[in-house]
Structures are given as C-alpha cells and as structure tokens.
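Please examine the sequence and the structure shown here before reading the points that follow. They concern a pocket first, and then a sheet with its helices.

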Amino acid sequence: MSKAGRLVVLVSGSGTNLQALLDASADPSYGARVVAVGADRDGIEGLARAAKVDVPTFVEKVGDHATRADWDAALAAKIASYEPDLVVSAGFMKILGAPTLDAFPVLNTHPALLPSFPGAHGVRDALAHGVKVTGCTVMLADAGIDTGPIVAQEAVPVLPEDDEAVLHERIKTVERRLLVDIVGRMAREGWTVSGRTVRIGNQSGGEST
Ligand code: GRF
C-alpha cells in the first residue's frame with residue numbers, strides 16, 4: 001500500500017487547487033505537505049502562492065529544451081530532487097511523459113465527470129453538449145489524456161444561465177474540497193490500485209468492532 005506524505009504540486013495557472021492543498025497541509029494532522037511546486041511557465045499566480053508560504057518552486061519550460069523528451073527528463077529530475085511520495089497535477093496543462101509517470105504516482109484533477117469531456121476544455125465541451133449535470137474527477141494519471149484510474153468524482157448541476165466561467169467556478173469549489181479530501185485520505189490511509197480500481201485505505205477487513 002502506498003502513502004503520500006510529501007507532495008510535489010504541478011501548476012500552470014491560478015493555482016487555487018494548490019492553495020487549498022497548502023491551506024490543508026498547514027495542519028500537521030492532515031498527513032501530507034507540499035514540499036515543492038513546479039510549473040511549465042513563469043509569472044503565474046500558482047508560483048506566487050507557493051513563494052508566499054516559502055515553499056520552493058521550479059519552472060521547466062518545454063521551449064527551453066531541444067526536444068519534448070528532454071523536457072520530460074528534466075521535469076522528472078526536478079520533481080525527483082524533492083523526493084515526493086505523490087505528485088499532484090493541479091491545473092498543469094501538459095501531458096506528463098514516462099520519466100515522471102514511471103517514477104511517481106501522479107494524481108490529476110479534471111473539471112468534468114470522466115470519461116465524458118476529457119481534455120483541455122472539459123467545462124466548455126460539457127456546456128456545448130447540453131448536459132444538465134457535470135462535475136469533477138480526481139484520477140491517477142497515465143499516458144493518456146484524462147484516461148487514468150478514477151479515484152473520486154462529484155457531481156455539479158449545470159444551471160440554465162451558466163457560461164463557461166460561471167460553471168467552472170462552481171465546479172472548482174467542489175473540486176478543491178474533493179482534491180484536499182482525497183489527498184489527505186491517501187496520505188493517512190494509503191491506497192492500492194488493481195486494474196482500474198483504486199481503493200483508499202485497507203478496505204479488505206471490513207469494520208472493526
Ligand atoms: C481546474 O479546474 C483543473 O481541473 C483544470 O484547471 C483548473 C485549475 O484551476 N485543469 P486552479 O489553477 O487550481 O485554480
């Protein structure tokens with residue numbers, strides 16, 4: 001069973017999911033703490049959030065490397081230098097390569113109910129399809145786009161007046177709470193993966209009396 005005390009969080013944007021993890025890990029009983037924050041671009045709010053609480057940051061830009069494979073290797077080496085138990089991709093807008101995926105468990109969060117609406121525009125695509133319920137998914141990352149084993153999901157209603165921004169904000173409120181809950185439980189209780197089934201904690205023995 002794996003556990004997840006040391007977190008490296010990867011971000012590309014505003015970093016509100018990162019902030020939720022930073023806030024939760026201020027309490028030692030949470031069981032996990034953010035030891036570093038990585039990004040694929042400079043000047044984003046996510047990096048500023050980490051710096052504000054003295055969490056180390058690093059940036060690896062694809063454009064600074066001769067090939068994507070070089071970037072994959074450099075990113076994995078940076079992540080490894082912080083010895084994480086779990087990597088959390090929280091709004092990181094890059095597909096991770098084998099050097100990272102083979103070395104660490106990676107948790108990802110997505111603003112739709114997978115397997116519906118994978119990819120970079122999950123909220124827009126759900127709205128365009130006219131669904132009445134969407135939501136968020138926390139899953140383990142694999143080499144595909146939002147295809148990994150699902151850890152948790154929560155539904156969010158789509159309201160008639162929603163546009164993409166309004167709906168995404170409503171989803172993110174739920175997404176932050178779900179991500180914090182799942183990361184904390186994985187850290188405290190451990191988890192196992194069997195095929196596509198992820199189990200948190202030891203669920204084989206039933207309830208103790
Ligand atoms: C989240 O909804 C995440 O699922 C998606 O982008 C958003 C990132 O938000 N990929 P933030 O940067 O954590 O505020």
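1. The largest pocket holds about 760 Å³ of space. On a 1 Å grid over the protein atoms alone, a pocket is an open set of points where a 1.4 Å probe fits, with protein on both sides within 12 Å along at least five of seven lines; lining residues have an atom within 4 Å of a point. Points are joined across faces, edges and corners, and the volume is the space filled by probe spheres set on them. Of the 38 lining residues, G91, F92, M93, T109 and P111 are closest to the pocket's centre.

2. This is a predicted model: local features need pLDDT of at least 70, and side-chain atom pairs count only at pLDDT 80 or more, whereas totals for chains, interfaces and linings use all residues. Residues are numbered from 1 along each chain as its sequence is written, and side-chain values use heavy atoms, without hydrogens and water.

3. Helix α6 contributes the most to the lining of the largest pocket, namely four residues. Helices (H or I, at least four residues) and strands (E, at least two) are DSSP runs, numbered from the N terminus.

4. Seven strands form an open sheet with mixed pairing, in the order β3-β2-β1-β4-β5-β6-β7; strands pair if DSSP finds at least two bridges between them. At the edges, β3 (57-59) and β7 (150-157) each pair on one side only.

5. Which residue of β2 is the bridge partner of V9? The partner is V37. Strands β1 (residues 6-11) and β2 (residues 33-39) run parallel and are joined by six bridges.
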